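Work through the exercises below with the structure open. Each task is followed by its solution.

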Amino acid sequence: MSLRKRFHLLVMTILVVVVAGSVGYYLLFGGQYPFIDCLYMTVISLTSVGYGEVIAVSGNLSAQIFTMILITGGLGIILYGISSLAALLVEGELTGFLKETKMKNKIKKLRHHYIVCGGGKTGFPLIQELVKNGEQVVLIEENEERLERCAAIPSVYYLKGDATDDAMLVDAGIEHARGILITMESDKDGLYVTMSARMLNRNIRIISRVTHPRLELKLRRAGADGVVSPNAIGALRMASEMIRPVAVDFLDSMIRTGDACLRIHEVPIHEGSRINGKSIRESNLKERFNIMVLGVRRADRELQFNPSPDVVLEDGMTLVVMGEVEKIREARQRVNRGRG
């Protein structure tokens, strides 16, 4: 039995005994005494406090028999429940349960966050990168060691459990999430979670890890928007290290320079944007936010690399930019606040 069920069962058992005793006294005396007096009589009987009777039990055979049954039977149940709760608290299980409940309550308030399924060799650096980019992340991980390692990353929300369980995805806030990244070691589990995620949220963006390339088509049919093979990415990296080492060193140095966090990101242009109808030069993105425009994707999804400064920006366009994460976030917020 899970800790949650044990805790609820113990609390409910104690409440049932107290309520049953109170109702019993109330019915025995035909409502002659207020219910609060019946409750008080039940509590002092079960706890063996020894205070005087607040209702006339003495001289009433039925009430006396009921009281003896309540004390002998109910007291045992109460003591067992309290000792069990104390054991859970001493062993740290109750503390963990309360901490888990608090975490779930925080996750319920999240909107437009990212869910990561699996905190292993791929999931851990993935979470680090998302956090560096200022994103809110919820991790679902079953392994205690991996969970603790990822939980040490600042600002990470986490749930212990199996991501193939739909209830875990719901607890992680999949209905309000912007995207889900599946980094589970088993391709079959990844396929299952992909299908579940798509059924639970038709609009969520799904990126799934795959070990065997032959499963990529199945993952896409199951609902994945993107499929990534760490083996393939690793091979490309090794080739780049061999063929163009200086370029690789430059890119590595760029993203690790000083305290700044440089990244290539995107800035969408929404309807009513401040820079709608202006050229890239007139938008002053370089001067205001110190970010460079590397490319433009038009509404028809046509990509233009190294666009001219005279390119006019329109609704539905997405700018591919490079700069500090904080500056890019600021630019995304300010350019889409509307005119005026």
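**Exercise 1: a charged patch**

Glu142, Asp162, Asp165, Asp166 and Asp189 gather in a surface patch of negative charge. The model is predicted, so that local features need pLDDT of at least 70 and side-chain atom pairs 80 or more, while totals for chains, interfaces and linings use all residues. Residues are numbered from 1 along each chain as its sequence is written, and side-chain values use heavy atoms, with hydrogens and water left out.

Task: find where Glu142 lies.

Solution: Glu142 is in the loop between strand 2 (137–141) and helix 6 (144–151).

**Exercise 2: a nonpolar patch**

Solution: 
1. Val19, Val23, Tyr26, Leu27 and Phe35 form this surface patch, with about 440 Å² of accessible area together.
2. Tyr26 is found in helix 1.

**Exercise 3: Ser273**

Task: decide whether Ser273 is buried or exposed, and find what its side chain reaches.

Solution: 
1. Ser273 lies in the loop between strand 7 (262–268) and helix 12 (280–283).
2. Its relative accessible area is 1%, so Ser273 is buried.
3. The Ser273 side chain reaches the backbone oxygen of Val335 at 2.4 Å.

How values were computed
Patches are made of residues with over 30% relative accessible area and no salt bridge: like charges are joined within 9 Å, nonpolar side chains (Val, Leu, Ile, Met, Phe, Trp, Tyr) within 5 Å. Accessible areas come from the Shrake-Rupley method with a 1.4 Å probe; for residues, only the protein chains shown count as cover. A salt bridge is a side-chain nitrogen of Lys or Arg within 4 Å of a carboxyl oxygen of Asp or Glu. Lys and Arg count as positive and Asp and Glu as negative; His and the chain ends are not counted. The place of a charge is taken as NZ of Lys, CZ of Arg, CG of Asp or CD of Glu. Helices (H or I, at least four residues) and strands (E, at least two) are DSSP runs, numbered from the N terminus. Buried means under 20% relative accessible area, exposed over 50%, partly exposed in between (1.4 Å probe, protein chains only). A polar contact is a pair of N or O atoms within 3.5 Å; within protein, one must be able to donate a hydrogen and the other to accept it, and residues adjacent in sequence count only if both atoms are side-chain atoms.
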